[in-house]
Every structure is written in C-alpha cells, then in structure tokens.
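Q: Please take a close look at the charged side chains that pair in this model. Please also set that part beside the surface and the packing elsewhere in the chain.

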Amino acid sequence: MMLFWLLLPPLLMFAASFSQSVWARRLLPISSVAVLIPVAILFRLPKPYALWGDYLVADDLNTYILLLASVVGIGVTLALLTLDRHVRISQKALYRFYRFFGLFWVGLSLSILANHMGIFWIGLEMATLSTVYMIKTNHTPAAHKEAWNYMIVGAIAISLVLFGIILIYASAKPLLGEKAMLFDALLHSAHRIPSPFLFEMGFALAALGMFVKMGFFPMNLWLAHIERAAFYPVAALFSGILESGVMAGFFRFSQIAEKVNYDHLFLFVFVYTLLTLFIVSFLIFRAKDFMRLFSLSGVEHMALIALFWVSGGTFAALLHFGAHAFLKPALFLSTGVLESGGRYRFAGALRGYHGVRGKLFWFLVGLFMLAIVSLPPSPMFFSELYGFGAMIDNAKASHHLLAMLGAITLLLVLLSVIFYRFVAIYQSMKYEGEETTKVVYSSEVAALAIFAVGLVALLLPGTLAFLKTIG
C-alpha cells in the first residue's frame, strides 16, 4: 500500500498533463508537491521496510536520499510556475515537461528504493529516457542536438551498468542462485562470492557507467553542454535528483565491493575521482557562464562524495551529499533571474534587485555561491573536514600515510583553484558590470528559501546523529 501512495502523485501528474482544463493546470504543481507526503511518512517508519517483497526495500540510506530528492522536486515545481516569464515556452511544452517529470520521478523512486539490481537498472533507464524529452521542451537546434547527445552517451553509460550487473550476477549465482540479483543478499555473502575477480570486473564496469552519467572523466563537459542547452529546471533535476539516484546505486555496489576486496575498490575510485577533480578544477577556472560553472562544480562535489564514501567517511559523504542536493539545484534555479534577457555574463548579475523579494534573492544566491565552496558555516565545510579526516585515518590503517597526505595536498590545491574562481565570480557579480533592473517572483524566492531551510536542517543535532547511524 505504501508503494501505491509513493507512486500515486507522479502518476497523477502524468495523467493530468494530457488535459488542457483549468483543474489539470492546478493539479500539476499540487501533485508534484504531494510527492513529499508519502516520502516523509516512509522516512518515519521502522527500517528495513519491505515495499514489494525483496525487490523494493526502504532503509535509512535510501529514504534519506529520497527525502532530499522530494524536497528538490518541490523547489523545481515552484520555479516552473514562472518559467514562461523568463524563457519562451508554450503551454503545450510546459505540460509535456510535467508529463515526463512524472515518469522521471517514478523511475528514480524505483531506482533509489530498489533492492534488486534489475529494478535499479530499469528505474535508471526510465529516468534517462524521460530526461531526453524534458531537454527537448526547449525548441532550439542546440537543445535538440544535446538531447540526442544525452541519449547516445546515456545509453552507453546505462549499457555499461547493465553489463556490470550481468557480471556481478554471474559471479555470485553459483552461491546464491536467483538471489544473486539482490543487494542485501550480495552484501551478506560478499566474502564468500565464488568468483571475486568476475565481481570486481562487474563492479568496475557498473561504476564506470555511473561515473559517466555523473559527468566524471572522460565526459566532464558532457553534462555542462546539455544543461546549458536545456531550460534551467532540467539542470536542477539533473543535479538534485538524477545524480542522487545514480549515487545511491554507487553506494549500494561499493558496499558490496568493500567486502570483496577493499584495497582494489579504494584504489580504483581514488585514482578515478582524483583524475576527474584535476580536470574539472581547471575547466571551472575557464567557465564563462553560470550553467557550465554550476554543472562542473556539481561534478567536483559528486567526485568528493564518492571519494569520502570509499575512504570510510560515510558520515562526511552523506552530509556533503545532502548539502550538494540543496545547493546545486538552488543555484541552477537562480539562473532564471541571473541570466534574464539572455545575459550570460557574470559581471553585474547580483546588481539591480529592488524591494524585499529582490534583496532576499540576491542575499540567498550570494550565500549559496559562498556555501558551495565550503565557507563556514556551510555543511560542506564540516563534511570536508570529516572527509579528509577519514582519508587520513584510512591511510594510517593501511600504512600509506605519506602517499595519502600527498594526495590530500593535491586535492587542497585543486579545491583552492575552484575556491579562488568562485570568489572572483562572486565579486564580479556583486561589484562589477552595469546595473540593470531584474524582476524576481515570489515563487522563486520561496524555492530558494526552502533550500536554505534544508541546509540549516542538515546541521541540526538530530540530523547529524541520524547520518552517523547510516552505513
């Protein structure tokens, strides 16, 4: 029954998008906001909670991720209310956006809650295909081109995940039979898997597919180009919901890989994320518009989350994950105002705001710009402290302290490059360029305020204690 209530709001959104009546127009945003209600109820239920036998099982980890995603969905819905005032979009295209938003949410819910690798893959594929049509709601040649690019590269990434799942299943089937498709069964029997090499090959392929979907090396500019061509709510969905679903899968697979051979897991993820961060830091330094800047910054933070997770800093990874889930969609949604009138330049973007709404808008955006580079009291400041501490503890246990300290030094240098760039951009936004009057709507301020409240909630003692119990 709980599964029915979880899927009812997005299915209502999908059905209502086919109607042109007044009630349908009102039902679309209401159904999107209503997604939070069953998710909040599920979050409070005792765990593990079987939603559909062994196939869909809710635990503390996936309900935390689903709760973050549902809050992001509300923020995106508020931004959609004024989308037609910032960009050229027909009512028909807006309805089509909601239609595929509903399908997108169904796919991501299944993927995040899946205890079965096959259902995880189906949900991820459903979300990928839905996103293609959301990109195409922007009827421009660039958007159509990037929609095709997304479908092609996304298909390659999802195929790598599928092939990895097949190898993982084959590695454990002699021991577990058909239960070799279940995450919990694999986790409990990881140390007894008959073919650990086959499992590691499967994990490497699945992780590579998930990394590509999140814009890791060698596809660092892939998402940036897509999010530049699409409408800004699509970029917010990518960073706050789709990447959350992909990272949830990485968490599941890596928990099993850790028990099979931790040294191989750590070395693979460590080298891959470090290479990604090295390239992305300099791409951020050369970014010339907000969408590409925020997109590349998202790749940076997802790489840090993966690195903290495999280093044993579960708490740091989840805190960083939550902060990113709120900060990045907030910044993407703010581009509707920052780039109003087709002005993509940084200079003067935080000037020209009047009235209570305008001043609150530029204050929140400025706050988010500084919080994303981990200035205290941003949750990312504390998560990075705990994350680097976990990396040092890991090095002490493995007798590679000097190598790890060298890697951390390189990471700090790369993060300093990113920090310098963001601070320089903030100064340009606030103090340079000509001042032009910008219009801010109440729903846009409300969306940013929701994300600000979410960031504060992450630092509450109860939230921190809950995150420490996961993993």
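A: A patch is made of residues with over 30% relative accessible area and no salt bridge; like charges are joined within 9 Å, and nonpolar side chains (Val, Leu, Ile, Met, Phe, Trp, Tyr) within 5 Å. Accessible areas come from the Shrake-Rupley method with a 1.4 Å probe, and for residues only the protein chains shown count as cover. A salt bridge, in turn, is a side-chain nitrogen of Lys or Arg within 4 Å of a carboxyl oxygen of Asp or Glu.

The model is predicted, so that local features need pLDDT of at least 70 and side-chain atom pairs count only at pLDDT 80 or more, whereas totals for chains, interfaces and linings use all residues. Residues are numbered from 1 along each chain as its sequence is written, and side-chain values use heavy atoms, with hydrogens and water left out.

On these terms, Met-1, Phe-4 and Trp-5 make a nonpolar surface patch of about 400 Å². Trp-5 belongs to helix H1, residues 2-16; helices (H or I, at least four residues) and strands (E, at least two) are DSSP runs, numbered from the N terminus. Trp-5 counts as partly exposed because its relative accessibility is 44%; buried means under 20% relative accessible area, exposed over 50%, and partly exposed in between (1.4 Å probe, protein chains only).

The charged pairs come next. Side chains of opposite charge can pair when their charged atoms come close. The structure holds four salt bridges. One of them joins the side chains of Lys-145 and Glu-146, with 3.6 Å from N to O. Glu-146 is buried because its relative accessible area is 10%.

Another salt bridge pairs Arg-228 with Asp-289, whose closest N and O atoms are 3.0 Å apart. Arg-228 lies in helix H10 (residues 222-229) and Asp-289 in the loop between helix H12 (262-285) and helix H13 (290-310), so this pair ties together parts that are 61 residues apart in sequence. Both partners are buried: Arg-228 has a relative accessibility of 15%, and Asp-289 has one of 6%. Asp-289 also forms a salt bridge with Arg-292, with the closest N and O atoms 2.8 Å apart. Arg-292 is partly exposed, because its relative accessible area is 26%.

Two packed helices are described by the angle between their axes and the distance between the axes. The axes of helix H4 (residues 60-80) and helix H14 (residues 314-338) cross at roughly 10° and come within 10 Å. H4 is therefore roughly parallel to H14. Here axes are lines fitted to C-alpha atoms, for helices over the stretch in contact, and angles run from 0 to 180 degrees between N-to-C directions. Angles under 35 degrees count as roughly parallel, over 145 as roughly antiparallel, 65 to 115 as roughly perpendicular, and the rest as oblique. Residues making the contact include Leu-61, Tyr-64 and Leu-68 of H4, and Phe-321, Phe-326 and Leu-333 of H14; contact means heavy atoms within 4.5 Å.

Leu-51 is found in strand S1 and counts as buried at 12% relative accessibility. Not counting residues up to four places away in sequence, Leu-51 touches residues among them Met-2, Leu-3, Leu-42 and Leu-113. Ser-109, in helix H5 (residues 91-113), is buried with a relative accessible area of 5%. Apart from its neighbours within four places in sequence, Ser-109 is in contact with Leu-7 and Leu-66. Ile-193 sits in the loop between helix H8 (183-188) and helix H9 (196-213) and is buried at 7% relative accessibility.

Lys-47 and Pro-48 are joined by a cis peptide bond with omega about -5°, and Pro-48 lies in the loop between helix H3 (36-44) and strand S1 (49-52). A cis peptide bond also joins Pro-376 and Pro-377, with omega about 5°; Pro-377 lies in the loop between helix H15 (355-371) and helix H16 (379-398). Ser-374 is found in the loop between H15 and H16 and has a positive phi of about 70°, although it is not a glycine. Ser-374 is buried, with a relative accessible area of 10%.
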